[in-house]
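Please report on the fold shown below.

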Amino acid sequence: MSHTCSSLLMHCMDFRFGSKMKEFMAEKGLMNDADMVAFAGSAKNLVNPETQAFALRQIEISKTLHEMKVVHLMNHTDCGGYGGKAAFADEAAEYDELTGDLKEAKNVVLAKWPDLEVKLWLAHIKEDGHEAEISFEEIA
Ligand SMILES: [Zn+2]
């Protein structure tokens, strides 16, 4: 018996995503075709030496067990794993750190598994609370 999936999606544990994450997955064709890893701070865990091995292990398991080929790494604005938006001087500084970590995390994954494809996403949370507006930007 084999059960395989195309992708792995690593995103933040933040409850505000809720159904929006399901919509994103459906839109990208990932529904029921992606292993899902949710960490506070998402990609930060791949660049932080203290958590890197554990984060990489999730990818390794997905790759060996489910033969996935594409890793989707997603960070988001106002992320508690980064201290929230208050931790940054302004939106540009926040954007630079969140996307910088995504790019560094991509390099970490590709250094270990050059055969994988890595896609980067930044989710923009426009409002706080249960009715947060969320949009997804692909980071080149
Ligand atoms: Zn978060």
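## Basis

Two strands pair if DSSP finds at least two bridges between them. Helices (H or I, at least four residues) and strands (E, at least two) are DSSP runs, numbered from the N terminus. Residues are numbered from 1 along each chain as its sequence is written. The model is predicted: local features need pLDDT of at least 70, side-chain atom pairs count only at pLDDT 80 or more, and totals for chains, interfaces and linings use all residues.

Five strands form an open sheet with mixed pairing, in the order 2-1-3-4-5. Strand 2 and strand 5 (134-139) are the edges, each pairing on one side only. From one strand to the next, the twist averages 20 degrees. Axes here are lines fitted to C-alpha atoms, for helices over the stretch in contact; angles run from 0 to 180 degrees between N-to-C directions.

## Strand 1 and its partners

Strand 1 (residues 7-11) pairs with strand 2 (residues 34-38) in the parallel sense, over five bridges. The chain links them through helix 1 (residues 18-27), and this β-α-β crossover is right-handed: with the strands pointing away from the viewer, the path from the first strand over the helix to the second runs clockwise. S7 stands opposite A34 in strand 2, and H11 opposite A38.

Strand 1 also pairs with strand 3 (residues 70-76), again parallel, over four bridges. Here S7 faces V70 and L8 faces V71. Five of the five residues of strand 1 are buried (20 or more other C-beta atoms within 10 Å of the residue's own; exposed means 12 or fewer, partly exposed in between; C-beta atoms are placed from the backbone). S7, L9 and H11 point one way, L8 and M10 the other.

## Helix 4 on the sheet

Helix 4 (residues 91-112) packs on the sheet. It touches strand 3, strand 4 (117-125) and strand 5, with contact meaning C-beta atoms, placed from the backbone, within 7 Å. Its direction makes about 160 degrees with that of strand 4. Helix 4 has 22 residues and reaches 32 Å from first C-alpha to last, close to the expected 32 Å (1.5 Å times one less than its number of residues).

Its buried residues are E94, L98, D101, L102, A105, K106 and V109.

Note on methods:
Contact = placed C-beta atoms within 7 Å.
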